[in-house]
Amino acid sequence: MEIKKIGVLTSGGDSPGMNATIRAVVRTAKAKGIDVMGIFDGYKGLLAGDMIEMTAKTVSDIIQRGGTILQTARCKEFMLPEYQERGAHMCKVFGLDGLVVIGGDGSFQGAEKLANLGINTIGIPGTIDLDIACTEYTIGFDTAVNTAMDSINKIRDTSSSHSRCSIVEVMGRNAGYIALWCGITTGAELVLVPEIPAPSNEEIIKKILETKNRGKKHFLIIVAEGIGGCNELAKHIEEVTGIESRATILGYLQRGGSPTALDRLHASMMGAKAVDLLCEGKSKRVVAYVKGEYVDFDINEALRMQKTLDDYSYKLCDVLSQRY
Ligand code: ADP
Ligand code: F6P
C-alpha cells in the first residue's frame, strides 16, 4: 500500500526532544511527497479529530524547543476498546495511511490497539524516564539528566558550605535511571532506586557518620521518585545524627528546557526512521536504539521485554563517592 498521508501525535508525559522528533517526521515525510496531519493532545485529540495539516514550514524553529508543539495528554478513555475503535475510525475519516506515536510504554499500548484495528502505527520512544526495555535510549533522557545534574551541583555547593545532608528526589516514575545517572555524575554518596534494595535506615545513618568522620563536608543522597519519602528521610537523619538535613524535590523542571545535542540527534534519526518504516509497509513497530544502531521491534515483543538497572554502575557510584 502506498503511503500518501500520515498522522503524528505526542502522548503521555512530554520530554525535551519531542519537537525535534515531530520536525523529523514531518520533513522526512514531505521530502517523500507524503502529507502529514499533526494531531493535538495525543489520543484525546485523535478521538476529537483535532488535527491540522503540517508543512515543512510549520516545524520551523522548533528543533531547539522543549515541550511539544502538538501538546500532549493522558487519555483514560483510550484504554477502552470502544474508544480505540473511534480512534481508528477517525484515522479513516482523515484518510491517514499511517500514524506515528511519540511517547512511552503506555502510548505504545494505544498504538498497538490501533494497529490491531488496521491502522499502520509506528512508536517512537519519547520519555525522560529511559524506562522502555527494547531501546538503550529514549528521547528526553539526556536533557533531563543534565538539567537535574545542574540543579544538584548547586544544591551540593550550599550543602558543603553548611555541612549539611541533602536529599534530592528526581523523576523517573518506577525506574531509577535518572537517579543513577545523577548519582554518578554529581558524585552523590548514596542513590536510592526502586530496582535495587535500599539499605536500612541504620546503614544509612552509619554511612553518613563515617563519611563525615572522614572529613567530607556534605552528604548527598539522590532518591528516585519511585522510592519517594525524601522529606521523612531528611527529618529522620537530622533527628538521629544532629546533622542539618534538607530535602529537595526537583519535579517538573526536569521535563522542560532546550534539548541537548544527543536528544536532537536521536530525535532526528528516530523520526526519520519511523517514516521510512511506514513507507516500507511496516506497522505495529517501535523504533529503538541498540548497540549504536537504529532498529525496530514488534510493539508486543517490545512491551514484553524487561529492563534492569546496571548493578555495576550502581556499585561504582558508591565506590567513586567515598574517601576510603
Ligand atoms: P507513557 O506513554 O509516557 O507511558 P501513559 O502511560 O500515561 O504515558 O500513557 C499515555 C496514554 O496512552 C494514556 O493516557 C492512554 O491514552 C494511552 N494508553 C496507555 N495504556 C493504554 C492501553 N493499555 N491501551 C490503550 N491505550 C493506552
Ligand atoms: O514519564 C515522565 C514523568 O515525568 C515521570 O517521571 C513522572 O512519574 C510522570 O511523568 C509525572 O506525570 P504527570 O505529568 O502526569 O504528573
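Ligand 1 sits in the largest pocket, and the space taken by ligand 2 is likewise the largest pocket. The model is predicted, and every distance and area below is computed from it.

**Domains**

The domain assignment divides the protein chain into domain 1, which comprises 5–140 + 259–304, and domain 2, which comprises 144–255. The C-alpha centres of domain 1 and domain 2 lie 35 Å apart, while eleven residues of domain 1 are in contact with ten residues of domain 2.

**Ligand 1**

Around ligand 1 there are 17 residues, of which Arg74, Cys75, Gly104, Ser107 and Gln109 come nearest. Among the polar contacts of this ligand, a polar backbone atom of Cys75 is 2.6 Å from an oxygen atom of ligand 1, and a backbone N or O atom of Asp105 lies 3.4 Å from an oxygen atom of the ligand. Ser107 takes part through its side chain, an N or O atom of which is 2.5 Å from an oxygen atom of ligand 1. On its own, ligand 1 has 550 Å² of accessible area, and the protein covers 87% of that area.

**Ligand 2**

The residues surrounding ligand 2 are Arg74, Thr127, Ile128, Asp129, Met171, Gly172, Arg173, Glu225, Tyr252 and Arg255.

Gly172 contributes a backbone N or O atom, which lies 3.1 Å from an oxygen atom of ligand 2. Taken alone, ligand 2 exposes 400 Å², of which the protein buries 78%.

| Residue | Part of residue | Ligand | Distance |
|---|---|---|---|
| Cys75 | backbone | ligand 1 | 2.6 Å |
| Asp105 | backbone | ligand 1 | 3.4 Å |
| Ser107 | side chain | ligand 1 | 2.5 Å |
| Gly172 | backbone | ligand 2 | 3.1 Å |

How values were computed: Residues are numbered from 1 along each chain as its sequence is written. Chains are lettered from A and ligands numbered from 1 in the order in which they are written. This is a predicted model: local features need pLDDT of at least 70, side-chain atom pairs count only at pLDDT 80 or more; totals for chains, interfaces and linings use all residues. Side-chain values use heavy atoms; hydrogens and water are left out. A residue is near a molecule or strand if one of its heavy atoms lies within 4 Å of it. A polar contact is a pair of N or O atoms within 3.5 Å; within protein, one must be able to donate a hydrogen and the other to accept it, and residues adjacent in sequence count only if both atoms are side-chain atoms. Accessible areas come from the Shrake-Rupley method with a 1.4 Å probe; for residues, only the protein chains shown count as cover. On a 1 Å grid over the protein atoms alone, a cavity is a set of points where a 1.4 Å probe fits but cannot get out, and a pocket is an open set with protein on both sides within 12 Å along at least five of seven lines; lining residues have an atom within 4 Å of a point. A molecule sits in a cavity or pocket if more than half of its atoms lie within 2 Å of its grid points. Domain bounds come from an automatic or database domain assignment. Contact means heavy atoms within 4.5 Å.
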